[in-house]
Amino acid sequence: SISPQTAFDSEQIAGLAAFEDGGGRVLLLGEPMEMGFTSFFIVPTSTENPAPMASVASEFGLAFGNGYLYNMGDNANNYRKIYATPGGGSGVTEGVDRVVFRAGTTVTGGQPLLTATAGTALSTTREQATYPVAATSGNVTAVGDASFFTEAGYQVADNEVLTGHLLDFLVSGEKVPGVPGDTDDSTEQR
């Protein structure tokens, strides 16, 4: 799922959970929530569905942050283009020295795969830390940016290596045939 505009309903989440539990692989790509201004408050630009990935990510013990990450000192020619480096041993990060995220946010929970470099700050708190930006939990991998999959994004740093490993991750699972089972024809599929 790449930065959906609407939240998954309970039946769709149950289907993804059964798919993952049956050995299927799930990739969640989320980005920071868009924020806008009212007369007195900063609010999500879409109040109808301010965090569409929240319910599905939480099903797998993962969460995407609300703010964007930035680095004023160590960046890829723009403070919002942050660097991230492998944060743990995983085939997804094999051969990756560093990647560039143009619209990064934090990913918490699970086993961290990539962390933002030192000096990176979170827009909502302005605190600097080595924030996790990608994590895995079971057969689910969550990445706090989708821009590295774009034409302009995958050709910088080791983004292409990461993209290839994520695609390998998706097709290398050992899913049990027939899981999650037949779906109701009246249910809209995403």
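Does Ala57 count as buried or exposed, and at what relative accessibility? At 0% relative accessibility, Ala57 is on the buried side, where buried means under 20% relative accessible area, exposed over 50% and partly exposed in between, with a 1.4 Å probe and protein chains only. The model is a predicted one, so local features need pLDDT of at least 70 and side-chain atom pairs count only at pLDDT 80 or more, while totals for chains, interfaces and linings use all residues. Residues are numbered from 1 along each chain as its sequence is written, and side-chain values use heavy atoms, with hydrogens and water left out.

Ala57 sits in helix H2, residues 54–59; helices (H or I, at least four residues) and strands (E, at least two) are DSSP runs numbered from the N terminus. Setting aside neighbours within four places in sequence, Ala57 is in contact (heavy atoms within 4.5 Å) with Leu28, Leu62, Ala63 and Phe64. Thr108 is 51 residues from Ala57 along the chain, and their C-alpha atoms are 9.8 Å apart.

Turning to the nonpolar cores, the term covers a set of buried Ala, Val, Leu, Ile, Met, Phe, Trp, Tyr and Cys residues joined through side-chain atoms within 4.5 Å. The largest has 22 residues, and Phe101, Leu114, Val133, Val143 and Leu162 have the most contacts inside it. At least two residues of this core come from each of strands E1 (26–29), E6 (82–86), E7 (99–101), E9 and E11 (132–137), and from helix H3. Another core, of 16 residues, lies apart from it, with Leu28, Met53, Val107 and Val140 among them. Val143 touches residues including Leu28, Phe64, Phe101, Val107, Val133 and Leu166, not counting those up to four places away in sequence.

The structure also holds one cavity of 30 Å³ or more. On a 1 Å grid over the protein atoms alone, a cavity is a set of points where a 1.4 Å probe fits but cannot get out, and lining residues have an atom within 4 Å of a point. Grid points are joined across faces, edges and corners, and the volume is the space filled by probe spheres set on the points. That volume is about 30 Å³ for the largest cavity. Val92, Thr93, Leu113, Leu114, Ala134, Thr141, Val143, Leu162 and Leu166 line it, with strand E9 (111–116), strand E12 (140–143) and helix H3 (159–171) each supplying at least two.

Thr141, from the lining, belongs to strand E12 and is buried at 1% relative accessible area. Beyond four places in sequence, Thr141 touches residues including Val26, Leu113, Leu166 and Phe169.

Conventions. On a 1 Å grid over the protein atoms alone, a cavity is a set of points where a 1.4 Å probe fits but cannot get out, and a pocket is an open set with protein on both sides within 12 Å along at least five of seven lines; lining residues have an atom within 4 Å of a point.
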